[in-house]
Amino acid sequence: MEDYAKRGVFRGFTAKPVRNSVAAFRMIWHRDRVFDLIVDTKKKIIRIPVVLPAVPVRSALYKDFKAFVASRQAPTLPDHRRIEKSKVRVSCANVRGSVSLTMAVRDEDYAYALQRLIHLVHEIFVSFLPGGPYRDYMVEQLGAPAEIG
Amino acid sequence: MSIHSSTGEKTGADKKGQPPRRAFLNGVAAATAAGALLKSQQLFGDTAIPSIRIPKAVTDSLAAPPRRADFSGRGITGAQVFANLCKDEDLGALFCAAGNYYIINEIAQVGIPSYGGRTEGGMCAAADGFTRATAEVAACSGTEGPGFAHMMMNIATAHFAHSPVLVLASNQSIQQEDSWKRIQFMYQQPATEGLKKFGKRITVPNRVYEYGAYAFRNLKSGVPDVVHLDFPIEVATERFQDPAKLWSLYTKEQYRSESRPCPGSKEMQQAIDVIGKAERPVLIAGQGIFARQAWDALMQAAEKHEMVVVGSGPVRGHFPDNHRLSGSLSNGALMSADLVIFVGQYHMPTPGEWTLPPGVKTIRVHPVQEDLGRNWPVDLGIVSDETLFMEALANGLPPKTRNSWVDEVAADRQKKEQANLELYGQFLKYTRDTNTLHPFVLLKELHDFLYKGDIDPKQTVTGWGGNMIGFCAMRWLRANRPAQEIPVVYQFGPMGPDLAMMFGAGVAVQRGIGPQAAYKGAPIVVVTGDAGMGFSLLELDTFAKYKVPVICIVYNNDSWGTFPFALSMDTPRALHMYLFQESIRYDKMAEELGARGEYVRTPEELRASLRRSYDAAAKQGYSTLINCQGMKEFNVDKLYPPGLSFAPEPGVGAVSH
């Protein structure tokens, strides 16, 4: 995480002390939003509780989001892009509009899981959202300029 | 080289032997156009309004012999000293609206190609367009106060595009400073603060040559940008009979240097090693590649070592979109890069703005050391001229193939093109349902006409702007050779200067300058919106006057493209401010300005109109405005989904960096 911060991927990076095998990180990232990232080595998961805010469960956006996340595990993707199912299981959830992403680590390779999660979130913001019909959402919920989305 | 008409027929680049204007209009143009242009309308009794025509005085003036002033006889004025310096520097063109008389007159008289248009702002954009199409310096001019003030938007546009535009202005006397004596006095230099590389109000006549040298030293060295000089009347009219009175009067070889920074051998080897080890390198060919005309060396390096290349900047094509190594339509695949090499990227993005992996290893090559590390952390920064770096890279890299990387990029491109076609299908249904053109459908038709028909897909220079129409243009227009596409809105995002800017580009193509040489005389195309018409429609007169053929495609949705904001912000009383009268006939206005006009509502009508218009331009040199009727409701995402916004960057559609 610190490496990413040092390379300017995010700003305002802070790490809270590890408690009960849980490490928590906070950073300012896409659209100048605060992201929390939790690593729980007891549960063997890495989780970002709010990747996207205010997404209705029954919306086309959430449906597309789930499909996009699933597509990142497709065997047709090249090795360097695929989220390898034998190493991690990625899942998303929507709790009162807050969309989260969780990586369940299967082989103790936390570095791999973290790298794939960071890439996945990055891709959601630079590729999935701008490439899709979500201009209104980006303007209303993510603070994108109204004129350009 | 001959240029191609829409039927693939080769036509001569010169206009010799073309039928007279009347014969052309009788034969080719729609009856409405002919009627408007040819009929003398009866007004009162025997009084007739004559047909529109280019006065003989224009032709005579353009044919008048150039004259270079010297120190003999009555001597040489400050304006003439400056004009001579501009001539010696091979200033590519001057674009102006009448004003700043001493300066513009002498620049024209000394033999620099000069063009007078309808507004100072429009002509400033034209100078920008000329530089974008050629990588050469161009000048624009306006008078001291109002004319200069009118240029401001387009000075800023040129600055944010790093265009080497020389802004000239003034005509008033220093003696009236702070006195409110007469009119138009304005101290200009603070107005361009932050929008220029160098600026000076020349107040001492003896230093006019010295500051001219300052101007060109800045315009032709390092990273290009705007230079702003203003000439009070005391400077422009001062006479010199003795060269010794002028300070720093030495030649351009003495007041500036062609020396460029060269990469050190150690850091060059480092770069070669890192690139050689990368499996999926992406080279971002920035504006500096174009400005330094490094596209051949770039191509050589990319092909020798199979690197994926994406061009960027306010002019596109220095790496062709249709090349097998182009990543300009493969944003998804770019996320696989394990190394990015920025070369001549004047406006660096910040991490998170581009479709490149977070924290990707980075080499940046830039001619100015101070910019290395700005916005984007670098693993290796190299100070170098872009051409020298690309030549060293082409020489130093061993031959290599990267089949799986190239295949991945190609597959992603196909996916993107397929997605575009699926969107087109959806928007075509809206067009059929409403009998008006959705802008996405409009651009798909133009795309097929320019790149998939009988015209050489490298021939036609396009420029585009606007809101909704711009979102579509950025997805369909292509650049298959250097300086084939000009995204007018690059970085600064101005609305409206599209047509005026493309006058400068059109001049460059007509004269076959630089990368336009192979397509000398070809027509150009500009895509704009009805909002843009308010800014530069009248420059069609300038196109006609100088016989620069343009096909101006206007997406007419009777409103500012941003009108949905009045709805989304729940401010219904604001809506009227976004709307125009409906069904305004820009095509009719064009006819009254000496161009052809066409009005279309369906893809079939547009297709036929493009063919007629291109033929009229390629064979006869006539401009056409195609008024494409759309609907403002297409801009409301919820009514006609999906809504469009800026395309992912970098690549086709990139306008931010």
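Predicted model: local features only at pLDDT ≥ 70, side-chain atom pairs only at ≥ 80, totals over all residues.
A residue counts as buried here if 20 or more other C-beta atoms lie within 10 Å of its own.

**Helix H16 of chain B**
- In helix H16, which covers residues 386–396 of chain B, the buried residues are Glu386(B), Thr387(B), Phe389(B), Met390(B), Ala392(B) and Leu393(B).

**Domains of chain B**
- Chain B is assigned domain 1 (58–255), domain 2 (265–407) and domain 3 (436–635).
- The centres of domain 1 and domain 3 of chain B, taken over C-alpha atoms, are separated by 30 Å, and the contact involves 26 residues from domain 1 and 28 residues from domain 3.
- On the domain 1 side of this contact, helix H6 (120–134) and helix H8 (152–160) of chain B are the elements that give two or more residues, and H6(B) provides the largest share, with 10 residues.
- By class, that side of domain 1 consists of 15 nonpolar, seven polar and four charged residues.

**Contact between chain A and chain B**
- Chain A contributes 25 residues to the contact, while chain B contributes 23 residues.
- On the side of chain A, the elements giving two or more residues are helix H1 (2–6), helix H3 (110–131) and helix H4 (135–142) of chain A, and H3(A) gives the most, with nine residues.
- The side of chain A that touches chain B divides into 10 nonpolar, eight polar and seven charged residues.

Note on methods
Residues numbered from 1 in each chain as written. Chains lettered and ligands numbered in written order. Buried ≥ 20, exposed ≤ 12 C-beta atoms within 10 Å, placed from the backbone. Helix = DSSP H or I, 4+ residues; strand = E, 2+ residues; numbered from the N terminus. Domains from an automatic or database assignment. Contact = placed C-beta atoms within 7 Å. Nonpolar A, V, L, I, M, F, W, Y, C, P; charged D, E, K, R; others polar.
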